[in-house]
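These notes are meant for someone opening this entry without having seen it before. Please keep the structure in view while reading the points below.

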Amino acid sequence: MGASFLSALLTPVVIDEMACTGSILVIALGLNMLKITNVKLANLILAPFVPILLYQIAG
């Protein structure tokens with residue numbers, strides 16, 4: 001039931017964009033741990049889900 005609903009939302013393009021966003025957050029986390037940057041990652045915790053909304057609005 002839930003999988004059939006999510007399959008319509010999670011197209012390959014959306015999954016790629018979510019992975020890219022998550023990768024950027026992991027890089028930012030690493031830079032924070034090395035004390036190179038001071039990015040507030042808790043504010044960006046929902047960022048990987050933004051491509052779902054953008055794809056639905058634009059597509």
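1. In this predicted model, helix H2 covers residues 12-33, and its 22 residues, taken at 1.5 Å a residue, should span 32 Å; the end C-alpha atoms of H2 lie 32 Å apart, which agrees with that expectation.

2. The residues of H2 that count as buried are Val 14, Met 18, Leu 25, Ala 28 and Asn 32. When one looks down the axis of H2, these buried residues fall within an arc of 80°, so they line one face of the helix.

3. On the face of H2 that is turned away from the buried side, one finds the exposed residues Pro 12, Asp 16, Val 26, Ile 27 and Met 33. The cover over the buried residues of H2, for its part, includes helix H1 (2-9) and helix H3 (50-58).

4. Just after H2 ends, the backbone deserves a look at Lys 35, which takes a positive phi of about 60°.

5. The C-alpha atoms fill a box of roughly 45 × 25 × 20 Å along the principal axes.

6. Of the 59 residues in the protein chain, 17% are buried. The protein chain exposes about 4700 Å², and carbon and sulfur atoms supply 75% of that area.

How values were computed. Residues are numbered from 1 along each chain as its sequence is written. This is a predicted model: local features need pLDDT of at least 70, side-chain atom pairs count only at pLDDT 80 or more; totals for chains, interfaces and linings use all residues. Side-chain values use heavy atoms; hydrogens and water are left out. Buried means under 20% relative accessible area, exposed over 50%, partly exposed in between (1.4 Å probe, protein chains only). Accessible areas come from the Shrake-Rupley method with a 1.4 Å probe; for residues, only the protein chains shown count as cover. Helices (H or I, at least four residues) and strands (E, at least two) are DSSP runs, numbered from the N terminus. The expected span of a helix is 1.5 Å times one less than its number of residues. The arc is that of the directions from the helix axis to the C-beta atoms. Contact means heavy atoms within 4.5 Å.
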